[in-house]
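Student: Hi! Could you walk me through this structure?
Tutor: Happy to, let's look at it together.

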Amino acid sequence: MKSTNTSQMAFIGLMTAILCIMAPFSIFLPFSPIPFSLGTLAVYFCAILLGMKRSMICVSIYLLLGFVGLPVFSGFTGGAGKLFGPTGGYLVGYLLLALICGAFADKFPNRILPCLTGMILGTVVCYLFGTLWLSYQASMTFSQALFSAVVPFLPGDIIKIAFASFIGIQVRKRLQRLLID
């Protein structure tokens with residue numbers, strides 16, 4: 001995709017809306033300050049379907065909507081306090097996730113193994129950024145933050161990554177037939 005035309009802008013808006021709809025649905029776990037949400041799954045789909053630049057635009061719009069107070073963050077919350085609070089590092093990490101996963105999707109379109117690799121690397125970087133932020137904000141050691149906010153979520157992330165890679169690539173192939181790159 002070389003330039004952004006009206007249909008591509010509409011698709012960015014649609015994917016932003018999907019992210020805003022999926023991310024607030026979350027399950028708060030008693031042992032973790034971080035809820036289990038569908039936000040990362042939505043970012044995976046954005047990155048696979050939109051590529052690096054457009055998925056970063058999508059995530060940036062999402063973060064701006066949440067920053068101004070729209071209830072698009074986990075638990076239907078929003079506002080600057082949420083973005084700069086203990087979980088904010090994971091939210092900002094969505095940008096890094098979109099960057100890495102989208103770069104792999106652009107470089108290796110419609111190939112499952114590279115997309116899986118991009119999602120895994122992007123998730124690691126997102127979690128690293130978020131865990132560092134959480135440990136600072138919540139006065140926790142890095143290990144405490146890691147074991148309370150990352151390790152319990154790894155099985156769910158494996159499922160989300162597998163689902164997004166297989167479904168996302170199939171949807172991308174079908175969309176490529178409809179949209180002119």
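This is a predicted model: local features need pLDDT of at least 70, side-chain atom pairs count only at pLDDT 80 or more; totals for chains, interfaces and linings use all residues.

Student: How much space lies in the largest cavity?
Tutor: About 270 Å³. Grid points are joined across faces, edges and corners, and the volume is the space filled by probe spheres set on the points.

Student: And which residues are closest to its centre?
Tutor: Ile34, Pro35, Ser37, Tyr90 and Tyr94 are the closest to the centre, out of 20 residues that line the largest cavity. A lining residue has an atom within 4 Å of a point.

Student: Which elements supply that lining?
Tutor: At least two residues each come from β2 (36-37), α2 (39-67), α4 (88-107), α5 (112-137) and α7 (154-178). The largest share, 3 residues, comes from α4. Those labels are DSSP runs numbered from the N terminus: helices are H or I with at least four residues, strands are E with at least two.

Student: What classes of residue are in the lining of the largest cavity?
Tutor: There are 13 nonpolar, 4 polar and 3 charged residues. Here Ala, Val, Leu, Ile, Met, Phe, Trp, Tyr, Cys and Pro count as nonpolar, Asp, Glu, Lys and Arg as charged, and the others, Gly among them, as polar.

Student: Switching topic: which residues touch the most other members of the largest nonpolar core?
Tutor: Met15, Leu19, Tyr62 and Met119 do, in a core of 37 residues. Such a core is a set of buried Ala, Val, Leu, Ile, Met, Phe, Trp, Tyr and Cys residues joined through side-chain atoms within 4.5 Å. Buried means under 20% relative accessible area, exposed over 50%, and partly exposed in between (1.4 Å probe, protein chains only).

Student: Which element gives the most to this core?
Tutor: That is α2, with 14 residues. Apart from this core lies another, of 8 residues, among them Ile34, Leu134, Ala145 and Ala149.

Student: What does Tyr62 touch?
Tutor: Not counting residues up to four places away in sequence, Tyr62 touches Thr16, Leu19, Cys20, Ala23, Val72, Phe73, Leu91 and Tyr94. Contact means heavy atoms within 4.5 Å.

Student: Now α6, which of its residues are buried?
Tutor: In α6 (residues 142-149), Ala145, Ser148 and Ala149 are buried. They cover an arc of only 80 degrees around the axis, so they sit on the same side of α6. The arc is that of the directions from the helix axis to the C-beta atoms. An α-helix has 3.6 residues a turn, so residues three or four places apart point the same way.

Student: What covers them?
Tutor: The cover over the buried residues of α6 includes α4 and α5. Ser148 has a relative accessibility of 10%. Leaving aside neighbours within four places in sequence, Ser148 is in contact with Phe31, Ser32, Pro33, Met140 and Phe153.

Student: Last one: is Ser139 buried or exposed?
Tutor: Ser139 is exposed, at 69% relative accessibility. Ser139 is in the loop between α5 and α6, and has a positive phi of about 50 degrees although it is not a glycine. Asn110 also has a positive phi, of about 65 degrees, without being a glycine. Asn110 lies in the loop between α4 and α5 and is partly exposed, with a relative accessible area of 24%.

Terms used. Residues are numbered from 1 along each chain as its sequence is written. Side-chain values use heavy atoms; hydrogens and water are left out. On a 1 Å grid over the protein atoms alone, a cavity is a set of points where a 1.4 Å probe fits but cannot get out, and a pocket is an open set with protein on both sides within 12 Å along at least five of seven lines; lining residues have an atom within 4 Å of a point.
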